[in-house]
Amino acid sequence: MKNSISAAILGAAVTTALIGLSTSPAQAAQLSFTFDFLTSDGDLFKLNLTTEDTLTTKNAPSYTDPTSGLTSPAYTFTGYKILNVTGTETEGGITNPITAILPEGSGVFNAPFNGVPTIDLIPHSPTDNLYNPNGGFAPGVLPAGNTAGKFSFGGLAFHVGGTVNEDYQVFTRSDFGSTFNRPGPGYDYGGCPGSCLGAIQVPEPSSTAGLLAIGSFGALGAASTLKRKLKSSKTSEN
């Protein structure tokens with residue numbers, strides 16, 4: 001599974017854009033991706049992700065949220081470790097900046113409403129901070145034909161500043177058969193805080209923005225380096 005995913009990503013990353021090459025030996029190669037999604041209540045998120053250039057596999061145990069009692073199943077996810085996230089969140093015509101990534105293992109939950117704690121409507125795990133543009137779940141975890149899975153069931157958490165000043169978590173939904181699942185392709189992501197009713201991935205721009213190759217190699221060197229690494233064992237409704 002790892003080798004097939006690795007090969008697919010290698011083809012996408014290397015052929016789309018080998019750009020921004022640097023000769024500094026002190027800096028390791030990194031990848032750059034964009035991921036845009038729209039929540040059920042119309043909030044638009046535009047994420048710019050900077051990741052490691054090698055894949056990491058996480059075997060996550062089943063997780064039951066102590067507040068909601070909802071359980072995210074055990075899963076295996078392979079993706080690039082996210083080092084930083086920037087971008088914007090637009091709500092009601094007001095755009096705010098994404099100011100920080102939250103640590104791996106973070107959990108973000110809906111804020112109290114009129115002093116009463118609210119619960120998520122979709123089960124999810126603490127964050128993994130992994131991203132895979134071609135989907136990173138082991139075969140059989142997602143329903144047949146489902147194309148989601150660029151983030152895990154834990155996903156990524158980040159802080160939005162400005163007028164919002166809130167933490168958000170974007171993750172692949174683990175309750176695909178629930179009554180909250182809206183019809184249509186791509187309705188497979190959840191976002192918290194807020195509705196957690198699901199979000200759609202905005203189709204443009206492409207999820208893969210290109211390769212931010214910060215390393216001491218040229219284009220051909222970058223391709224061969226990635227190939228060698230791939231062959232190694234290292235493998236909102238308020």
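**Strand β9 and its neighbours**

Within β9, His159 is the bridge partner of Ala100. The model is a predicted one, in which local features require pLDDT of at least 70, side-chain atom pairs count only at pLDDT 80 or more, and totals for chains, interfaces and linings use all residues. Residues are numbered from 1 along each chain as its sequence is written, and side-chain values use heavy atoms, with hydrogens and water left out.

Strands are DSSP runs of E of at least two residues, numbered from the N terminus, and two strands pair if DSSP finds at least two bridges between them. β7 and β9 run antiparallel and are joined by three bridges. β9 also pairs with β10 in the antiparallel sense, over five bridges; in β10, Glu166 is the bridge partner of Val160. The hairpin of β9 and β10 has five residues between the strands, and Gly162 in this hairpin takes a positive phi near 65 degrees.

Five of the five residues of β9 are buried, so the strand is largely enclosed by the rest of the structure (buried: under 20% relative accessible area; exposed: over 50%; partly exposed in between; 1.4 Å probe, protein chains only). Leu156, Phe158 and Val160 cover one side, and Ala157 and His159 the other; all are buried.

Most residues other than glycine have a negative phi. Asn165, although not a glycine, has a positive phi of about 55 degrees. Asn165 is found in the loop between β9 (156–160) and β10 (166–172) and is exposed, with a relative accessible area of 52%. Asn129, also not a glycine, has a positive phi of about 55 degrees. Asn129 lies in the loop between β7 (94–101) and β8 (130–131) and is buried, at a relative accessible area of 4%.

Notes
Helix = DSSP H or I, 4+ residues; strand = E, 2+ residues; numbered from the N terminus.
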